[in-house]
Amino acid sequence: MKQAEIVVVGAGPAGLSAAAAAAQAGAQVLVIDENAEPGGQLFKQIHKFFGASEHRAGQRGVDIGHELLEEVEGLGVDVVLDASVWGIYDGSTVAVASQEYSWRVKADRIVLATGATENGLSFRGWTLPGVMGAGCAQTMMNVHRVLPGQRVVMVGSGNVGLIVAYQLLQAGAEVVAVVDALPRVGGYPVHAAKIARAGVPIYTSYSVKEADGDECVEKVTIWRVDDRWQGVPGSEIELDADTVTLAVGLSPMAELAWVAGCRFLHIPELGGHVPVHSAYMETTVPGIYVAGDVSGVEEASCAMEEGRLAGLWAASAAGRLSVAAAVAAAAPHEASLARLRSGPFGAAARGGKLAMDGRRDEAWGQTLTRGGA
Ligand SMILES: Cc1cc2nc3c(=O)[nH]c(=O)nc-3n(C[C@H](O)[C@H](O)[C@H](O)COP(=O)(O)OP(=O)(O)OC[C@H]3O[C@@H](n4cnc5c(N)ncnc54)[C@H](O)[C@@H]3O)c2cc1C
């Protein structure tokens, strides 16, 4: 069996940041990702990041990804790609499968940075080819250079829906409509304004009633929804469309934390069931840490800060960094996270992380003060 001081699962912004922080502290780090390329979501994000400049606003996700990769490579981190982690045993054995073979790694510490998965939406015809997640459409366009469809209905007007809708326009598709069941646009007005200027109608208080077609989507019917999100008969609008993209939220991809026996809380503002973690990013299973969307869906900026914290505390617990040094190194990342979460789209604004903090303390009890302290 292979050995590693710290195994990081996931090479997205959280995982790469965790790996960099741990390696900088002198730990031997192995990163495993099931994708062919590292970077997680970053390499499909060709748009400039929103938010404040201290959190890399104005930089494109793809450029941030390259910077992180260079940092990790410079620190001698071992990155294994095309390999899925499918199990964690006894809190320290990581089971991995790649195309050719299965193998195990014995890890002193594990950081889970597996990200999130897109939510679905059920309506008549939702299984027809042409109905897909907005992230899937983004991967097709920006990674594989394939236009997912010609005439697209985007469901969801949060930042993901608005940004992907704009990228669909840039790639040459017609965005027939953006629809949202909420009475107002969910994302930044600047993104909504770009869509509106391009002539795309945004229907708020509307949802998809059904998608029709023989072998794939040929027509989409939307209808108004009342304040209980029930469709209003007679308000239907038929749209000539071949694609429906769903940007209706994300859920933490936390299966490995379940398998490892971590305790969970259900916090809707963070995307559903999230593994409880301490201020050191450690879960209720000693030695297993979480960072990024898996610990509650936020943004890449938060994922990178949480990754730095998880990497620092894992390295400290492995004896690579004194507690005093870890506290000092963690302070700027904690402060940055607090600022991010107080922003208009931060988890604190949605009540999420605040709720997490309250309920986390309750679930965690005494152990909140363990870990590196
Ligand atoms: C359209 C869109 C626009 C966005 N714009 C912004 C923005 O402007 N600013 C911002 O801050 N954020 C933005 N975000 C959010 C941001 O992309 C995510 O919050 C961020 O990528 C989360 O990072 P992560 O490392 O937690 O997860 P991810 O980036 O999803 O990385 C997780 C990695 O884990 C790997 N993995 C998962 N399970 C396994 C397994 N079992 N074995 C091996 N590998 C595994 C995956 O392959 C993936 O590479 C945007 C998101 C979208 C969809």
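Guide: The C-alpha centres of domain 1 and domain 2 lie 31 Å apart. Domain 1 comprises residues 2-117 + 250-369, and domain 2 comprises residues 121-246; these bounds come from an automatic or database domain assignment. Nine residues from domain 1 and twelve residues from domain 2 take part in the contact, where contact means heavy atoms within 4.5 Å. Between them, domain 1 and domain 2 bury about 910 Å², with 63% of this on carbon and sulfur atoms. Buried area here is the accessible area (1.4 Å probe) that two parts lose on being put together, summed over both.

Some conventions must be stated before the close look. This is a predicted model, in which local features need pLDDT of at least 70 and side-chain atom pairs count only at pLDDT 80 or more, while totals for chains, interfaces and linings use all residues. Residues are numbered from 1 along each chain as its sequence is written, and side-chain values use heavy atoms, with hydrogens and water left out.

Strand β4 spans residues 83-89. Strands are DSSP runs of E with at least two residues, helices are runs of H or I with at least four, and they are numbered from the N terminus.

Val85 has its place in strand β4. Its relative accessibility is 13%, so Val85 counts as buried; buried means under 20% relative accessible area, exposed over 50%, and partly exposed in between (1.4 Å probe, protein chains only). Apart from neighbours within four places in sequence, Val85 is in contact with Val9, Ile32, Val94, Ala95, Val96 and Leu256. Looking across the model, Val85 and Trp223 stand 138 residues apart along the chain, and their C-alpha atoms are separated by 42 Å. At Trp223, Lys209 lies over the face of the ring, 4.9 Å from the ring centre. A charge sits over a ring if NZ of Lys or CZ of Arg is within 6 Å of the ring centre and within 35 degrees of the ring normal. Lys194 is likewise placed over the face of Tyr166, at 4.5 Å from the ring centre.

Ile32 also touches Val7, a residue of strand β1 (residues 2-9). Val7 has 0% relative accessibility and counts as buried. Among the other residues that Val7 touches, beyond four places away in sequence, are Leu30, Val94, Val105 and Ala107.

Next come two aromatic residues. The structure holds four aromatic pairs. In the pair of Trp86 and Tyr89, the ring centres are 6.2 Å apart and the planes stand at 75 degrees, so the pair is edge-to-face. Rings of Phe, Tyr and Trp (its six-membered ring) pair if their centres lie within 6.5 Å; planes under 30 degrees apart count as stacked, over 60 as edge-to-face and the rest as tilted. Trp86 is partly exposed at 48% relative accessibility, and Tyr89 is partly exposed with a relative accessible area of 39%.

Asp90 lies in the loop between β4 and β5. With 72% relative accessibility, Asp90 counts as exposed. Its phi is near 55 degrees, a positive value in a residue other than glycine. Trp229 is exposed, with a relative accessible area of 52%.

Gly91 and Ala257 are 166 residues apart in sequence, yet their C-alpha atoms are 9.8 Å apart in space. Ala257 belongs to helix α6 (residues 255-260) and is buried, with a relative accessible area of 1%. Leaving out residues up to four places away in sequence, Ala257 touches Leu112, Cys262, Phe264 and Pro275.

Finally, strand β5 covers residues 93-98, and Ser98 lies in it. Ser98 is buried at a relative accessible area of 19%. Ala83 leads back to the strand under discussion, as residues 83-89 form β4.
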